[in-house]
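Let's take a walk through this fold together, one piece at a time. Have the sequence and the 3D view ready.

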Amino acid sequence: MNNDTIAAIATAPGRGSVGIVRLSGPSAFSIAEKISKITSPTARHAYFTQFFDTQNKTLDEGLILHFFAPHSFTGEDVVEFQCHGGPVVLDLLLKTVLSFGARQALPGEFSERAFLNDKIDLTQAEAIADLIDASSERAAKQAIASLQGEFSKHINSLVKQVINLRLFVEAAIDFPEEEIDFLSDPKIFNALNEITASLNKILHSAQQGCLLREGLKVVIAGRPNAGKSSLLNALADNEIAIVTDIKGTTRDTLKETIHLDGLPIQLVDTAGLHNTDDQIEQIGIERAWSEINQADMILLICDSTDAQQINPKHAWPEFLQCDKSKNKTLVVFNKCDLSGWIKPPGSSDTETAVCVSAKTKAGLDQLKLTIFNRFGLEHNTEGIISAKRRHLDALNRTKEALDRGSALINDHMSAGELLAEELKLAQNYLGEITGRVTPDELLGKIFSSFCIGK
């Protein structure tokens with residue numbers, strides 16, 4: 001447990017009816033007594049009182065609550081001052097608290113202390129930040145589930161499975177039966193298959209949760225006057241971009257975030273791709289390619305009334321054959337109100353091409369559905385885990401270790417010690433997720449991303 005007492009304003013910056021200053025640490029109660037004059041407080045009881053500065057002059061009046069260790073968010077003695085929410089009042093109260101011996105809390109330090117004092121694990125701590133940053137109802141619900149330990153429950157269950165198998169393997173190594181190859185025991189093979197199946201379910205759920213939490217970057221690209229900006233406006237249901245019949249109207253990237261059935265999507269409109277001597281257009285085209293290379297998905301807009309764009313494979317060979325884009329490109333034939341197209345020519349596969357009219361908005365529902373389905377997302381988010389990239393990395397490394405273990409079982413010439421080592425690695429990778437095996441520098445990176453006061 002830390003020996004110093006930390007303090008911070010726990011409410012968002014700006015004016016409000018109520019603001020909160022929070023303290024945590026061994027001196028929290030003694031500092032609170034100097035400011036509020038409340039002695040021998042009752043736990044979780046709200047006292048209405050005046051707040052005094054170092055000169056014993058009244059700063060404000062409000063409520064004060066005391067939370068006794070270990071029954072508090074951080075596991076330490078915690079005090080919350082609830083005063084009027086003006087920034088000046090809050091700043092004066094915080095300065096008074098600091099003058100009595102507390103120090104300014106670092107970003108995320110309250111949550112970090114809760115983690116270090118075993119009040120929450122690392123996935124629950126990260127869920128706090130996810131809940132604060134949630135940009136959709138779906139993301140908020142997932143964060144709440146993780147905060148309540150849903151993600152941790154799945155990981156801990158998987159860890160138990162790995163530990164049980166490790167015990168069996170290592171016992172077989174230490175106490176081998178004569179002339180028996182324990183790697184050929186079907187118990188090991190079946191147990192490893194069960195662990196891998198459980199891991200795959202968690203990984204699939206985590207991948208969906210990561211997409212729903214972080215969102216997608218969808219770049220709208222194509223030739224000039226193909227209707228890229230019109231499609232941006234149609235998808236955003238707002239006149240974001242200027243639309244004219246003049247080629248090259250869009251010379252820079254234009255970004256707008258929308259929500260598609262709870263999925264945050266950053267739409268990026270780009271300059272028309274073509275050969276030009278115009279220096280400004282060239283810069284815009286360079287920026288367009290930069291966005292294309294960073295995109296999660298690319299909407300290649302083709303004018304269905306232009307014979308040169310009817311076959312994108314011929315019109316854009318350098319685009320569709322690019323290793324960085326060929327697996328994430330969706331061809332969108334626009335202006336279908338003029339061409340009369342209902343479906344892409346020679347194909348009914350809506351997963352690779354769709355027909356729309358940005359002007360009449362025909363086909364937009366199919367386009368949105370295709371974007372959603374392209375990433376394997378499910379409309380029912382029950383059970384989806386609010387995951388981060390680091391969680392996916394740990395789960396993928398766990399899968400690699402288990403796959404190596406399966407290969408060892410198939411090669412009976414391999415030593416059992418190698419299988420035991422792969423299982424140990426898998427357990428450690430899973431431990432990184434909940435924080436049971438986590439380098440200090442990773443903890444610092446995680447909690448520094450939190451807001452101050454949380």
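Start with helix H1, residues 28–36, where Ala28, Phe29, Ile31, Ala32, Ile35 and Ser36 are buried (under 20% relative accessible area, with exposed over 50% and partly exposed in between, using a 1.4 Å probe and protein chains only). Look down the axis of H1 and these buried residues fall within an arc of 160 degrees, so they line one face of the helix; the arc is taken from the directions running from the helix axis to the C-beta atoms. Helices (H or I, at least four residues) and strands (E, at least two) are DSSP runs, numbered from the N terminus.

A quick word on the model: it is predicted, so local features need pLDDT of at least 70 and side-chain atom pairs count only at pLDDT 80 or more, while totals for chains, interfaces and linings use all residues. Residues are numbered from 1 along each chain as its sequence is written, and side-chain values use heavy atoms, leaving out hydrogens and water.

What do the buried residues of H1 pack against? They pack against strands E2 (18–24), E3 (47–52), E4 (58–67) and E5 (78–84), plus helix H2 (87–99), with contact meaning heavy atoms within 4.5 Å.

Now hop over to an open sheet of six strands, in the order E8-E9-E7-E10-E11-E12, with mixed pairing (two strands pair if DSSP finds at least two bridges between them). At its edges sit E8 (254–260) and E12 (353–355), each pairing on one side only. Inside the sheet, E7 (216–222) and E10 (297–303) pair in the parallel sense over five bridges.
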